[in-house]
Amino acid sequence: MIATFLVSLLAVAGFGLGLWRSEVVPLCRATLGTAMTGITAMMDNELDDDAKEIAVRRAGFALIGAAFGLFWRFALSLALAAVPVLAADLMGLVPREAVLSLMLRLDYLFVVSVAAIAGAEGLRRLRGPGRHDPEALPEINRYSTADRFFHMLAFASPAVLKGASRLEDRLMPGAVQEPSGPPIFVTSLARGGTTALLNALHEVPAIATHTYRDMPFVTAPALWNRLAGGRGRDVGRHERAHGDGLEIDLDSPEAFEEVLWKTLWPGKYRAEGIALWQAEDRDPAAEAFIARQMRKVIHARSPGGPARYCSKNNANIARIPYLLEAFPGCRIVVPLRRPETHAASLLRQHLNFLKLQADDEFIRRYMRDIGHFEFGRIHRPLLFPGFDPAAFETTTPDYWINYWLQAFRYVQPFEDRCLFVLQDDMRADPQETLEALCEALGVAPGRIDFSAHFRPMPDRAPQDLYDPALFAEADAVYERLAQRGVLPGALSPVGGKVITVRA
């Protein structure tokens, strides 16, 4: 019996060696990627019929080649597995029938499979994270093949997301909840501190936000969460794609509101950039749709309890006058970061996503679908007055300092109707800053420790990276807006209410 067992292990080892040396796992990954490329092309509404046909044809030929590749690799592995079995039989050590009988037993298959999986996981951990290791890649690469399929299905057309919302309304008409106060919109240019601020506000019991659980059917959060397994679905905490140390899981808040704006106003998203929203762009039907989505998010996050909708949406900085008109009483919170550090961070992330999107086409697709056009190959700037996208290359510091300047010049006329939260204040005194913000918003922070959400080190970057004239203008805009920071020091009317602000 021991000899039979040893020969069977040699056969298993031969099979595994054949698969490993023939690199069957990378081929399987590539085959899945090829299949997903073809499916993506069919579901991509930005491609015309000819481009879709070409992409699908290429994917089909590649899959045929992959099938032959898989066939000979498995044949080779089976041959290597047969060598010790046949050799033992020829030498009269162990009959091949005994070995095959043992290897086909269910308990044998179970034990050997578990041991193989455990061994592979141990080897992976010893080797450390590699290119295909989800621990070393963005949260997007944690998507399984099924996850990617559902993502592409959800974003195949705006009609799918609208249809999902209508289906949820029909099947779950009670999955809405009236807000306890006006909505809160956290907005700034990307890298301004919006994510850290949203994470902090997400802990406040009276605030409800989108979370990763809502993806990809963000227009039907209650229905999708029920279909996808609800609270039982989990992916574990991991660092997000930006490489900034922020960890996320399915219950982490995220910026998915832009999906609604992109679905309802597709004409604003042009090749050269994203046009701004003005008060004259009012659309009652679209506003009613967004308002209902807000009530759905409140129900999903706080069923049965009072709460206010809160979103982080960097693109909302381009529609401040619209928000003020469409959602009376709304509070617009603008994190404000020093222009030299903000622009430097924007440039770093742009270069980071240029590489990420070049390495993985699905990352580009994912970011485009959720409306995150800030960085990389899909970068589409918000077309602020005075901003010329062609004035500088996007890989230069001056592009981003100019972008910062024109963005916050656009904000200036509304400075008395926004709440500004300084990055420096959030780092130096997060507790006092967030408590002052909560007071201004009219929400009770309770005993939340906000300090865990912010880095304590100073936020600094060289100023000589930029054209001196551009930087001087940006610095002047910053100094003016910084006077409205929410830390105590003076009194100023904001949105008709007197609150304490930083002197």
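Is the crossing of H8 and H17 left-handed or right-handed? I looked it up, and the crossing of H8 and H17 is right-handed. (A crossing is right-handed if the near helix is turned clockwise from the far one by less than a right angle, and left-handed if anticlockwise.)

**Ground rules.** I am working with a predicted model, where local features need pLDDT of at least 70, side-chain atom pairs count only at pLDDT 80 or more, and totals for chains, interfaces and linings use all residues. Residues are numbered from 1 along each chain as its sequence is written, and side-chain values use heavy atoms, leaving out hydrogens and water.

**Whole chain.** I found 18 helices and nine strands in the protein chain. These are DSSP runs, numbered from the N terminus: helices are H or I with at least four residues, strands E with at least two. Of the 503 residues, 50% are buried (under 20% relative accessible area, with a 1.4 Å probe and protein chains only).

**H8 and H17.** H8 spans residues 194–202 and H17 spans residues 430–441. I noted an angle of about 70° and axes 12 Å apart. The two helices are therefore roughly perpendicular (65 to 115 degrees). Axes here are lines fitted to C-alpha atoms over the stretch in contact, and angles run from 0 to 180 degrees between N-to-C directions.

Next I checked which residues touch (heavy atoms within 4.5 Å). Leu197, Ala200 and Leu201 of H8 meet Leu434, Leu437, Cys438 and Leu441 of H17. By class, this contact has seven nonpolar, no polar and no charged residues.

**H4.** In H4, residues 96–103, I found Val99, Leu102 and Met103 buried. They lie on the same side of H4, because their arc around the axis is only 95°.

Notes: Parallel < 35°, antiparallel > 145°, perpendicular 65-115°, else oblique. Nonpolar A, V, L, I, M, F, W, Y, C, P; charged D, E, K, R; others polar. Arc of directions from axis to C-beta.
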